[in-house]
Amino acid sequence: MRIGFFFGEVRRIYKEAFASLVFIGITALFLSVLLNLFIGGYVYTNNITRRNSGYLKARVYLKEDTPHALKDVFALMLRYNPYVDSLKFIDKKKAEMEFQKNFPEFTDLIRLFESNPLPENYELFLNYKLLNPKKLGNFKKALLNFKFVDEVYLQGLFVFRLYLLEKIAYFLLISFIIVFFFILSMITRGSIRAAVEKKKDLIKVYWLLGGNTEDIIGPFQVAGLISGLLGSIFASLVLYLPFAFFTVPVWTLGIAPGFTMFTIVIVVREVIELSIN
Amino acid sequence: MKEILLKNVYFKKNGRLILDDINLEIETGEFVFLVGPTGAGKSSLLKLLYFEEYPTKGNMSIMGYNAKKINKKTMLVVRKSLGIVFQDLRLLNDRTAYDNVALPLEIDRRHDIHDRVHDVLRKLGILHKASSYAHSLSQGERQKVAIARALVRRPRIFIADEPTAHIYRSEKEGIIRMFMELNSEGTTCIIATHDNNIVDMVPYAIRIHIEDGRVDYL
């Protein structure tokens, strides 16, 4: 087939589809803004959670005169515990420095004692994704079962609430993406069906004159690819806004154009084959 | 060689029997008129011949291809050998006369489109309308464009449904002469009409009378 004829068809299809472009444009903008809200919500909560995840900590205070060998074995056990991301041993000297840093007004108080009264302890940085308040309570109980453990203090429990919020935002985002693509394919199907309906005479005549399916579908698919590309570039530009403010992998921007173009190619084939048969 | 063969063909549409036990043999190069009153089944018979419809019962073969066994690819080959003037013309209104006539050649991916289209439009006397859009043409001109589209391919089988219905009496003879010329080059011509004047213009033509879906050779 002559290239000119082929692109002539694409041009004609475009001319007819132009009327519905305004509608599609407004819908795309609306959907993109909605999608932005969800992506923004997820990224925002994710960032806050990540920023605060370091605060889920446990301080495990050891009793006086705990033997070194026992401390080493205990540290090893903690390192292999899946809930523990990392741990830091705070000896008496470090504990004093920490105390002086946090409570400078009480520095003189320690000097009243003959020896440093501050206990040795382990600072545990916990994995908030594997834990929940109940598991954390059990973890604390398990630590207190060791005879040489004097006390366990937990810090940063609010990260659980953040993580819950993040999970809700993520769930909403995924749900919306599914609905988004469903709506997108419905709109695409509708607009292409309208374009094909207008071209029904051409398709029928083409078919009766011996044109094959590929020749008939080709221009529609090219038009679909161009629409998909233009539409998704537009959508991607709008989508870029939250990405510009938050840290998200850039490759995710490619999902929308790829998916849109793929959807259009599939839908075009389906609609035209329906129209022929 | 039998170009078209129908054996005990029945055709039903919407529960109504339209063709009733049709037996028909058309040899290569024959000129055939299908005559009969409106609603007799002429158009339905032609639709079977270019595979727009399929027989409900019976055997039909076109150019040696059996309608029951024909696949999509072969059907396209058969259709490319046909020149069809549809009863409702089926012109593309958003295109010029030239584009309409060029369509079959575009499908065939031919390189001599311009010469062929101009040649056939000149013969039909509508070359000056080549760049006019189909919707702006008169009914007679539209009919000529439809005929040109069927002839431009130089088909092996020419099928026309009432091709002169909207053409002035003075021009009908010229058009029939074109069909005869095409026929003399070996094309099988099958023309459905209820216009006895054009039937009389081709003395050697075979006349097949259809009435109430049944066939009689005259």
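Begin at the boundary between the two chains, where the count between chain A and chain B is one salt bridge, a term that here means a side-chain nitrogen of Lys or Arg within 4 Å of a carboxyl oxygen of Asp or Glu. This is a predicted model, in which local features need pLDDT of at least 70 and side-chain atom pairs count only at pLDDT 80 or more, while totals for chains, interfaces and linings use all residues. Residues are numbered from 1 along each chain as its sequence is written, chains are lettered from A and ligands numbered from 1 in the order in which they are written, and side-chain values use heavy atoms, with hydrogens and water left out.

Select Lys204(A) and Glu52(B) next: these two residues form a salt bridge, and their closest N and O atoms are 3.8 Å apart. Across the interface of chain A and chain B, two residue pairs are in polar contact, both at pLDDT 80 or more; such a contact is a pair of N or O atoms within 3.5 Å, where within protein one must be able to donate a hydrogen and the other to accept it, and residues adjacent in sequence count only if both atoms are side-chain atoms.

Helices (H or I, at least four residues) and strands (E, at least two) are DSSP runs, numbered from the N terminus.

Of its 277 residues, 41% count as buried, meaning under 20% relative accessible area (1.4 Å probe, protein chains only). Residues 24 or more positions apart account for 85% of the contacts in chain A with a separation of 6 or more.

Finish with chain B, where there are seven helices and 10 strands, and where 57% of the 218 residues count as buried.

Technical notes: Buried < 20%, exposed > 50% of the residue type's maximum accessible area, 1.4 Å probe, protein only. Contact = heavy atoms within 4.5 Å.
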